[in-house]
Amino acid sequence: MRGEAGTDGDGARRDGPGPAGAGGAGMGGAGGAGGAGGAGGAGGDAITADVVRAGGPTFGLRRPADLAPGPDPGDEPGLLEAIRSEIRASGPMTFARFMELALYEPELGYYAIGRRGPGRAADFLTAPESHPIFGWAVAAQLDEVWQRLDRPSRFTVRELGAGTGALAAGIVEGLDRRGSALRAALRYRVAERAPDRHAQVHARLEAVGATDVLEPDDGAPIEGAVVANEVLDALPVHAVEGGPGGEILERFVALDEDGRLGWLAGPASTPDLAARLASEGIRLEPGQRTEICLAADAWTREAAAGLGRGLVLLIDYGHPAAARYDPARGSLLRAYVRHRVHDDVLANVGRQDLTAHVDLTAVERGATAAGLDHLGTTTQAAFLAGVGAGELLVSVQSDPSATLEGYLEARSALFRMLDPGVTGRFAVMAFGRAIATAPPLRGLADPGPRRP
Ligand SMILES: C[S@@+](CC[C@H](N)C(=O)[O-])C[C@H]1O[C@@H](n2cnc3c(N)ncnc32)[C@H](O)[C@@H]1O
């Protein structure tokens, strides 16, 4: 599953050094260290264990055992050329700009091409892609929210970054399986940057006989729930480094004399970077490399503005600011390609996913500043247990039409979602508007292990 590595919240585990190791200003080689040897790129004891099991240092934990990593695909030539031209014309670009182009440039970026992204045949697996039991569990939480809102006749889910529609299909299936009356009230809106994904979501819902729930998204505030799984980590981030005098240097993407991409440190492109860290009481050590996601502010504001009444549910890997920026953790910027995680983020331009662990503190502050109530933040494991994922698994076992193979698939996927060494430590952040904040929602009843 995507981002399974280095999601520890207790500070006991530590990620390895950042992509290009520590160091000062100056042009680094394209992508620095990492690539095939990037064991440190995944981080923590858990990844080490998985690496050992996998027989080599190249796999992230989100690579399920039955998926062999494939060879590097190389760069998307048109995109690489466009990036080179922009650098030649305007000078070194921020990594946030590079990530924006690499992931989202129309017709060329990673997510602009429908066949890339999550999936067994693609580069990584997210929880909803790995098994619909994840969507069934989210459906259980939505059912409770619907009841708490007094069962409105229309309950709209807006899914931000819906990808291929795996979660959408899982939610509908989950409501069907529990015989929930919410199924009749459900409307589903997809807010997805990648144009091809809308057709994929439609096809996914068609396969479960549920295209009736789809409606166009005009962005108007909804009554229901705004949901996003593994989207915040896909927002462009600035790459930064602590300067010798306590200032923040920015790591830009530049060209060397042979036209190869590399890193170049210089003064920060915007004072917002220092302001963000100062507001969180974070001070980078000289040479400490990390990332700052300024884009999360506007994204969270927009997500909040789209909710009239109900729940915002954000699921992702990340840490509170103090842990996210712990010097021992280093850079948490990663690339995923063909079920391999590594830290050579300038390689395979446009053909690998780029992602950074989320600063949960920034998101929680952004959501409450946008007028939402913070209903709680817990771990994915505690959330799934709270909404009854165990019972959902038992229901598969006791289903007379289920096969042993189907049951084992569900069990192994759920175990990975619950395992704190895999994705069980992902964060589930819940916010509400005009909804009772007590008692806690089922998924939030257990706050999970204390986070630093
Ligand atoms: C890592 S994928 C996760 C897909 C899906 N949620 C899942 O769990 O399988 C991130 C998705 O978020 C989408 N995305 C990124 N930024 C977005 C934004 N600002 N608005 C809507 N979608 C966005 C990308 O196009 C991509 O499909």
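**Note on the ligand site and aromatic pairs**

1. A backbone N or O atom of asparagine 229 lies 2.8 Å from a nitrogen atom of the ligand, a polar contact (a pair of N or O atoms within 3.5 Å). This is a predicted model, in which local features need pLDDT of at least 70, side-chain atom pairs count only at pLDDT 80 or more, and totals for chains, interfaces and linings use all residues. Residues are numbered from 1 along each chain, and side-chain values use heavy atoms, without hydrogens and water.

2. For glutamate 192, a side-chain N or O atom is 2.5 Å from an oxygen of the ligand; for threonine 126, the corresponding distance is 2.7 Å. Of the 600 Å² of accessible area that the ligand has on its own, the protein covers 93% (Shrake-Rupley method, 1.4 Å probe).

3. The ligand is surrounded by 20 residues, counted when a heavy atom lies within 4 Å of it. Tyr104 and Gly161 are among the closest. The shell comprises 10 nonpolar, 4 polar and 6 charged residues, with Gly counted as polar and Tyr as nonpolar.

4. The structure holds 6 aromatic pairs (ring centres within 6.5 Å; planes under 30 degrees apart are stacked, over 60 edge-to-face, the rest tilted). Tyrosine 104 and tyrosine 111 are stacked, because their ring centres are 5.7 Å apart and their planes meet at 20°. Tyrosine 104 is buried at 16% relative accessibility, and tyrosine 111 is buried at 11% (buried: under 20% relative accessible area, 1.4 Å probe, protein chains only). Phenylalanine 124 and tyrosine 336 form an edge-to-face pair, 6.3 Å centre to centre with 65° between the planes.

Note on methods. Polar contact = N/O pair within 3.5 Å; in protein donor to acceptor, adjacent residues only side chain to side chain. Buried < 20%, exposed > 50% of the residue type's maximum accessible area, 1.4 Å probe, protein only.
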